[in-house]
Amino acid sequence: MKYESILYDNAGGIARITLNRPDRLNSFTAAMHAELADALARVKADAAVRVLLLTGAGRGFCAGQDLSDRAVAPGGTPVDLGESIGKYYAPLVLTLRELPLPVVCAVNGVAAGAGANIALACDIVIAARSASFVQAFCKIGLVPDSGGTYFLPRLVGTARAMGLALLGDKLTAQQAEEWGLVWRCVEDAELAPTVDALLQHFAQAPTRGLAATKRALHASAGATLAAQLVLERDLQRELGWSDDYREGVAAFVGKRPPHFTGK
Ligand code: T3D
């Protein structure tokens, strides 16, 4: 598939997807969804990929659904938004959550609507100081989608989730970091080097262990302690048979840096 709305790069164990409709703040069209799904399928199918970066081109990260991509007008034919969510947004969120490798999101500018919540679906979110997060849905009569009603209360608590979702005010990157919505807020000029260092780190990390950690942390949201303990036991058993576990222990005992292969 030829990409016109995204950029895709895959080298050295690092896959990078850049949403690339900067004049529309990288808002989603049906074409962009199709390209993104195709790129994510390539990441999933490539065992050499050890980390994925999602970011945006230009001054924004993503402004959610492109509100001019289809005709919506008072008195006009209603659009089935459930179809759009079921076909595009929900599978996108689940794919990001279920990819067996770390997904880093570099929020380079405003993240609004589904754009904000897709960032929150990623594992490590680093935001530039000039970036912001906007639950824009309430301004057009919609509910936060793309996992917003799931992620927000879990990340920032119900009071702040309600405020963000019912008012739709911009949350600065600095405040997002203070509230625990994102991992880090960095100066704009530091975003690229910070993210690159992180990607290099993950490209040489024990990927299977990180994938299992991601899976276990996500599972905990709906699990009992007893169930988590069982899951941890099962994952630890699998990891104990991995090359990377044996290499990690040998490197520690041998007082040398480990060479992880992700196997
Ligand atoms: O529909 C379904 O399939 C259901 C799923 C829905 C998921 C959703 O995401 S619903 C929410 C959709 N998104 C929004 O409501 C956000 C709309 N945008 C904004 O509120 C603001 O643009 C921002 C807060 C994101 C940024 O504000 P600001 O002042 O920095 O930029 P701007 O001037 O408003 O936008 C710059 C340009 O991008 C502008 O175009 P122009 O005037 O230069 O030609 C603007 O129209 C365009 N743009 C921004 N967001 C969208 C957009 N064009 C289409 N769709 C957008 N979402």
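Reader: Is T207 buried or exposed in this model?
Author: This is a predicted model, and T207 has its place in helix α8. Residues count as buried under 20% relative accessible area. The relative accessible area of T207 is 7%, so T207 is buried.

Reader: Which residues is T207 in contact with, leaving aside its neighbours within four places in sequence?
Author: Contact here means heavy atoms within 4.5 Å. With neighbours within four places in sequence left aside, the contacts of T207 are R50, P100, L101, D244 and G262.

Reader: Which element has the lowest mean pLDDT, and which the highest?
Author: Across the protein the average pLDDT is 97, and 100% of the residues score at least 70. Helix α8 (residues 207-220), which holds T207, has the lowest mean among the elements, 97. The highest mean, 99, belongs to β5.

Reader: Which residues is V107 in contact with, beyond four places in sequence?
Author: Neighbours within four places in sequence are again left aside. The residues in contact with V107 are then F61, A119, V125, I126, A127, A128, A131, F133 and L191.

Reader: How far apart in space are V107 and L171?
Author: In sequence, V107 and L171 are separated by 64 residues. L171 is one of the residues lining the largest cavity. From C-alpha to C-alpha, the distance between V107 and L171 is 13 Å.

Reader: How much space lies in the largest cavity?
Author: The structure holds one cavity of 30 Å³ or more. The space in the largest cavity is about 50 Å³.

Reader: Which element gives the most residues to the lining of the largest cavity?
Author: The lining includes A116, N117, L120, F133 and D169, and its residues divide into eight nonpolar, two polar and one charged. At least two lining residues come from each of α3 (114-120) and β8 (132-134). The element that gives the most, with three residues, is α3.

Reader: In what sense do strands β1 and β2 pair, and which residue in β2 is the bridge partner of A11?
Author: β1 (residues 6-11) and β2 (residues 14-19) are joined over six bridges, and their pairing is antiparallel. The two strands form a hairpin with two residues between them, and G12 in the turn has a positive phi of about 60 degrees. In β2, A11 has as its bridge partner I14.

Technical notes: Residues are numbered from 1 along each chain as its sequence is written. This is a predicted model: local features need pLDDT of at least 70, side-chain atom pairs count only at pLDDT 80 or more; totals for chains, interfaces and linings use all residues. Side-chain values use heavy atoms; hydrogens and water are left out. On a 1 Å grid over the protein atoms alone, a cavity is a set of points where a 1.4 Å probe fits but cannot get out, and a pocket is an open set with protein on both sides within 12 Å along at least five of seven lines; lining residues have an atom within 4 Å of a point. Grid points are joined across faces, edges and corners, and a volume is the space filled by probe spheres set on the points. Helices (H or I, at least four residues) and strands (E, at least two) are DSSP runs, numbered from the N terminus. Ala, Val, Leu, Ile, Met, Phe, Trp, Tyr, Cys and Pro count as nonpolar, Asp, Glu, Lys and Arg as charged, and the others, Gly among them, as polar. pLDDT is the predictor's confidence in each residue, from 0 to 100. Buried means under 20% relative accessible area, exposed over 50%, partly exposed in between (1.4 Å probe, protein chains only). Two strands pair if DSSP finds at least two bridges between them.
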